[in-house]
Amino acid sequence: MQIKVDGKTEDIKSLWREGSLVKMVDQRKLPHSFEIISLNNHKETAWAIKNMATRGAGAIGNAAGFGMAQAALEAENKSLEEFTEYLNEAAETIRQTRPTAANLFKAVDRCLEAANWGTVSMRVENVVKAADQIFKDDLKASEEIAKAGSRLIKDGFKILTHCNAGALAYVDHGTALAPIRQAVKEGKDVFVWVDETRPRGQGARITAWELEQEGIPYALIADNAAGYFMQKGEVDMVIVGADRIAANGDVANKIGTYEKAVVAFENKIPFWVAAPGMTFDLNTLSGDAIKIEERDPEEVTTMWGLGEDGKRTRIKIAAEGTNARNPAFDVTPTKYLNGFITEYGLIERPFDEGIRWLFGQPGLPPGFKYAGT
Ligand code: RUB
């Protein structure tokens with residue numbers, strides 16, 4: 001995405017690899033400061049995923065892949081046995097960071113598969129190649145999602161989105177924001193309602209910042225204002241991203257997505273989920289089998305922001321000792337969805353058939369288009 005840093009316009013990705021270093025936009029600091037951090041080894045990259053320096057299913061999938069590449073490079077002088085043990089341990093460290101997004105686990109598995117033949121140096125090279133390929137595939141997928149989704153957007157549409165499923169949640173362009181960017185590029189007049197997305201405020205801090213950077217008209221709203229605008233006929237469609245999509249089409253996404261979907265359904269507003277193949281998990285049959293991350297309750301009882309002195313500060317918004325719960329995701333059942341926007345086109349009902357057909361078999365030719373497009 002194009003961003004303005006210190007008066008200059010730069011084209012940035014959410015993260016990338018430079019040799020054995022992983023670099024990423026530190027999303028914890030946005031929107032008040034734009035900082036790139038460097039992670040020296042796979043343990044630091046795992047730390048960055050866990051602490052949400054990088055976040056969003058696609059972005060953490062790529063961070064996981066790059067972390068595996070770092071681990072392989074760290075072990076390049078070891079014996080085959082030691083190398084295998086080291087890589088497996090690194091895989092476990094990365095898997096333990098965040099449980100919900102399918103992309104992270106698939107990226108780790110793709111890198112492990114790349115390491116199962118040849119000499120140690122061949123295995124290292126193959127793991128690095130696999131991680132770089134995930135990055136290239138995701139870049140391409142986001143461009144295809146943009147084109148497929150933009151066809152759903154009519155001139156003058158007001159679109160609501162939840163959390164951040166933009167360029168920073170992926171490698172570039174985004175998932176939910178990609179069709180919106182594309183529609184604007186095609187000259188359509190589009191307006192975006194941005195849910196603030198408590199507790200971590202990904203909408204307020206990141207989505208609003210991305211849209212501002214690109215000059216796309218938007219308004220930030222409190223999470224509990226979405227229903228008000230839907231009821232008043234001011235929302236034409238909802239597009240969200242996803243962290244894991246089960247084989248039947250149930251969608252795990254940022255906490256609050258389910259509520260938006262139910263209210264959209266009640267108001268007959270189309271609700272679409274934009275996600276690449278990496279987010280579909282055919283081994284999870286339905287949403288109730290998806291592991292939902294529960295994060296530190298302090299994220300609910302406190303907030304980060306800029307103090308009056310201009311310094312980034314954490315404030316307490318609840319009394320000391322307040323009991324809180326903090327599930328990071330919820331599951332939206334298929335009943336509330338109109339369909340999926342993927343790199344292969346749209347998936348409409350019956351979702352389980354479309355999903356199985358598209359992602360449940362190996363060897364689909366690149367550029368293959370599902371009949372729903
Ligand atoms: C992110 C979140 C995003 C999806 C979509 O949660 O729920 O909507 O990950 O991401 P968190 P993508 O901020 O807790 O990681 O656009 O990459 O598919």
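Reader: Which element gives the most to the lining of the largest cavity?

Author: In this predicted model, the largest cavity is lined by 27 residues, and those nearest its centre are G56, A57, N164, A242 and D243. The elements that give two or more residues to this lining are α2 and β11. Of the elements, the one that gives the most, with three residues, is α2.

Reader: How much space lies in the largest cavity, and what takes that space?

Author: By the rule used here, the count comes to three cavities of 30 Å³ or more. The largest cavity holds about 230 Å³ of space. What takes up the space of the largest cavity is the ligand.

Reader: How do the residues of the lining of the largest cavity divide into nonpolar, polar and charged?

Author: The lining of the largest cavity is made up of 27 residues. When these residues are sorted by class, the lining divides into 11 nonpolar, 11 polar and five charged.

Reader: Which residues come nearest to the ligand, and what share of the ligand does the protein bury?

Author: There are 18 residues around the ligand, and those that come nearest are R55, A169, T175, D243 and K254. A polar side-chain atom of R55 lies 2.5 Å from an oxygen atom of the ligand, while for an N or O atom in the side chain of T175 the distance to a ligand oxygen atom is 2.4 Å. Taken alone, the ligand exposes 460 Å², and the share of this area that the protein buries is 100%.

Reader: How far from an oxygen atom of the ligand does a polar side-chain atom of Q202 lie?

Author: By class, the shell around the ligand has seven nonpolar, seven polar and four charged residues. For Q202, the distance from a polar side-chain atom to an oxygen atom of the ligand is 2.8 Å.

Reader: Where does the largest share of the lining of the second largest pocket come from?

Author: The second largest pocket has a volume of about 660 Å³, and of the 25 residues that line this pocket, R200, R205, E299, W304 and R312 are the closest to its centre. At least two lining residues each are supplied by α7 (202–214), α10 (298–301), β14 (302–306) and β15 (312–316). The largest share, four residues, comes from β14.

Reader: How many charged residues does the lining of the second largest pocket have?

Author: The lining of the second largest pocket counts 25 residues. By class, six of the lining residues are nonpolar and five are polar, and the number of charged residues is 14.

Key: Residues are numbered from 1 along each chain as its sequence is written. This is a predicted model: local features need pLDDT of at least 70, side-chain atom pairs count only at pLDDT 80 or more; totals for chains, interfaces and linings use all residues. Side-chain values use heavy atoms; hydrogens and water are left out. On a 1 Å grid over the protein atoms alone, a cavity is a set of points where a 1.4 Å probe fits but cannot get out, and a pocket is an open set with protein on both sides within 12 Å along at least five of seven lines; lining residues have an atom within 4 Å of a point. Grid points are joined across faces, edges and corners, and a volume is the space filled by probe spheres set on the points. Ala, Val, Leu, Ile, Met, Phe, Trp, Tyr, Cys and Pro count as nonpolar, Asp, Glu, Lys and Arg as charged, and the others, Gly among them, as polar. A residue is near a molecule or strand if one of its heavy atoms lies within 4 Å of it. A polar contact is a pair of N or O atoms within 3.5 Å; within protein, one must be able to donate a hydrogen and the other to accept it, and residues adjacent in sequence count only if both atoms are side-chain atoms. Accessible areas come from the Shrake-Rupley method with a 1.4 Å probe; for residues, only the protein chains shown count as cover. A molecule sits in a cavity or pocket if more than half of its atoms lie within 2 Å of its grid points.
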